[in-house]
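Here are a few exercises to work through with the model open. Try each task before you read its solution.

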Amino acid sequence: MSTGSILKGLRDAAMMTQSTLAEKVHVTRQAVSRWENDETIPGPDMLVTLSGVFGVSVDALLESPEIRFCECCGMPLEPSIMGRTRDKETDPRYCKWCLEDGSFAYTEEEQMLDFLVSHMPQEGMNEAECRAFYHAHLMTLPYWKEKAEKSSAV
């Protein structure tokens, strides 16, 4: 997604007009329009201001060729919610809820399934159907694929 389409999506989600956003960040409506049409990109200081207005990181505003997902739970990732290694380094593969200080919160699939089913039930599915749905989802993620491969090799 381009920075312009990201800004437009955030503005629309906040139910703001271009004029309202322009007033909030002290620019003209035309400047907002040029950003959204990818004619120009806001400068560094303006990106910081816009990140504050929308409550997202500056990285979330910038064009990204790929969307990252947590390899453990599948949540979309942005730098502000990435997990940390034991050395407090960012690990771009995991979210902070799955990986904290180098330790995984979910080491068994049943733990993750229990969390997902209780916190994010799927409408119209009973518990068994929901577990099967999430099991299929987890088996597409590298963290769980690797665990399954290791346990089947034993």
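Let's call a residue buried when its relative accessible area is under 20%, exposed when it is over 50%, and partly exposed in between (1.4 Å probe, protein chains only). A word on the model: it is predicted, so local features need pLDDT of at least 70 and side-chain atom pairs pLDDT 80 or more, while totals for chains, interfaces and linings use all residues. Numbering starts from 1 along each chain as its sequence is written, and side-chain values use heavy atoms, without hydrogens and water.

**Exercise 1.** Work out what share of the 154 residues is buried.

Solution. Apply the cut-off to each residue in the chain: buried ones make up 32%.

**Exercise 2.** List the secondary structure and judge how spread out the chain is.

Solution. Start with DSSP runs, numbered from the N terminus: helices are H or I with at least four residues, strands E with at least two. That gives eight helices and six strands. Next, take the radius of gyration over C-alpha atoms and the globule rule, 2.2 Å times the number of residues to the power 0.38.

**Exercise 3.** Find the buried residues of helix 2 and what they pack against.

Solution. Within residues 18–25, pick out Q18, L21, A22 and V25 as buried. Looking down the helix axis, with directions taken to the C-beta atoms, these fall within an arc of 100°, so they line one face of helix 2. Now check contacts (heavy atoms within 4.5 Å): the buried residues pack against helix 1 (3–13), helix 3 (29–36) and helix 4 (44–54).
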